[in-house]
Amino acid sequence: MALLDLAHVTKHYRNTRAVEGVSLSLEQGETLGLVGESGCGKSTLGRLALGLEEADEGRIFFRGAEITRWGYDRWRGLRRNMQMIFQNPLSSLNPLFTVEKIIGEPLTNYEKISKEEMKIRVGEMMTLVGLEPGLAGRRPHELSGGQRQRVGIARALILKPELVVCDEAVSSLDFIIRGQILALLREMKEQLGLTYLFIAHDLGAVKQISDRVAVMYLGKIVEIIRTERIREDACHPYTRDLLEAVPVSDPTLRKNGKTLIKGELPPAGESVQGCGFHSRCPYAERVCCEQTPVLEKVNPLHQAACHRVLRLS
Ligand SMILES: Nc1ncnc2c1ncn2[C@@H]1O[C@H](COP(=O)(O)OP(=O)(O)OP(=O)(O)O)[C@@H](O)[C@H]1O
């Protein structure tokens, strides 16, 4: 049984179709990467998975139990099992709190424990994520970017959750620190038996940590593929474009989460007839402008939503 299942989940904001009929499963212990350009709906999908947003349509299951319309009290019980690691720790960590208080806060919210026990558990967690004990009394602005992200990770993991959504968790870090934090996330996953939904606009980071990759475009999943086969087998033209954009080592070529893909995204909220990618796709044919392709199996471990690919396979 999957740990998390999303079935035909849709979320629209007033003018924006953020998530459109997405179906996804996360197996216990896997890391599923979710990649796509800024604004394609990745964070909304992550928030829906954690019950931080309510779906307009579709169903969400955790360990087979439907949680789509759970009220606050039932969610509170489940939420300790589901945590989030954010992109910008400086804005997600309370600037007035010490490291110890930030990491210990979920414990005081969910468990009745003494101050001494809290200190011990926070100390253990700090050691686990590679933070010196001497940093316990510091505040977020007194830490480096990498240390702050370690604090965010420690806070997310202190309740020993099962599912962790990492939302652009390494995107604001420089290359070396990014590698260290990815290594830490991998290590924590092994030690604590975690399952990750790893969200990023950068396929390079996603590839380094994920078992499978789900590619999102304009609120829809357009391809799901095992990471080890992505270079060889990825067949959706959008995924191929993302792959082409990966090896760019010159940071000036990749800014603000934008890839080097040609053409513009249709305006947010605009309903697109046919395949959402057709206006940017070099292979688009008439059918692509008229009919929306659905996500179908290319083989048992690979799905794609593309008229051309499905006709050729
Ligand atoms: N609370 C909200 N109210 C209105 N529109 C929203 C809200 N949250 C997200 N959106 C819109 O929904 C779309 C998807 O946003 P989302 O943040 O999920 O995308 P994303 O792929 O995570 O992009 P980014 O990496 O830039 O955060 C965007 O057009 C965004 O402006």
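**Entry 1, model and annotation.** I am working from a predicted model. I looked up the annotation in UniProt, where an unreviewed entry lists residues 4-243 under "domain: ABC transporter". For that span I noted 40% helix and 25% strand, with the end C-alpha atoms 27 Å apart.

I then turned to the 14 residues around the ligand, of which Tyr13, Ala18, Ser38, Ser43 and Thr44 come nearest. Sorting the shell by class, I found nine polar, four nonpolar and one charged residues. Helix α1, which covers residues 42-49, gives the most to this shell, with three residues.

For helix α4 (residues 99-110) and helix α5 (residues 115-128) I recorded a packing angle of about 120° and axes 9 Å apart. The crossing in which α4 passes α5 is right-handed. On the α4 side the contact is made by Glu100, Ile103, Gly104, Leu107 and Thr108, and on the α5 side by Met118, Lys119, Arg121, Val122, Met125 and Met126. By class, this contact of α4 with α5 holds six nonpolar, two polar and three charged residues.

I next looked at helix α6 (residues 145-157), whose axis comes within 7 Å of that of α4 and crosses it at roughly 25°. Angles under 35 degrees count as roughly parallel, so α4 and α6 are roughly parallel to each other. Here too I noted a right-handed crossing as α4 passes α6. Val99, Ile102, Ile103, Glu105 and Pro106 of α4 make the contact with Val151, Ala154 and Arg155 of α6. I counted six nonpolar and two charged residues in the contact of α4 with α6, and no polar ones.

Lastly I followed α6 to helix α7 (residues 175-192), where the two pack at an angle of about 20° with their axes 10 Å apart. It follows that α6 and α7 are therefore roughly parallel to each other, and α6 passes α7 in a right-handed crossing. From α6, Gly145, Gly146, Gln149, Arg150, Ile153 and Leu157 meet Ile177, Gln180, Ile181, Leu184, Met188 and Leu192 of α7. The residues of this contact of α6 with α7 comprise seven nonpolar, four polar and one charged.

Technical notes:
Residues are numbered from 1 along each chain as its sequence is written. This is a predicted model: local features need pLDDT of at least 70, side-chain atom pairs count only at pLDDT 80 or more; totals for chains, interfaces and linings use all residues. A residue is near a molecule or strand if its C-beta atom, placed from the backbone, lies within 6 Å of it. Helices (H or I, at least four residues) and strands (E, at least two) are DSSP runs, numbered from the N terminus. Ala, Val, Leu, Ile, Met, Phe, Trp, Tyr, Cys and Pro count as nonpolar, Asp, Glu, Lys and Arg as charged, and the others, Gly among them, as polar. Axes are lines fitted to C-alpha atoms, for helices over the stretch in contact, and angles run from 0 to 180 degrees between N-to-C directions. A crossing is left-handed if the near helix is turned anticlockwise from the far one by less than a right angle, and right-handed if clockwise. Two residues are in contact if their C-beta atoms, placed from the backbone, lie within 7 Å. Angles under 35 degrees count as roughly parallel, over 145 as roughly antiparallel, 65 to 115 as roughly perpendicular and the rest as oblique. UniProt positions are given in the numbering used here, feature names are shortened, and annotations may be inferred rather than shown by experiment.
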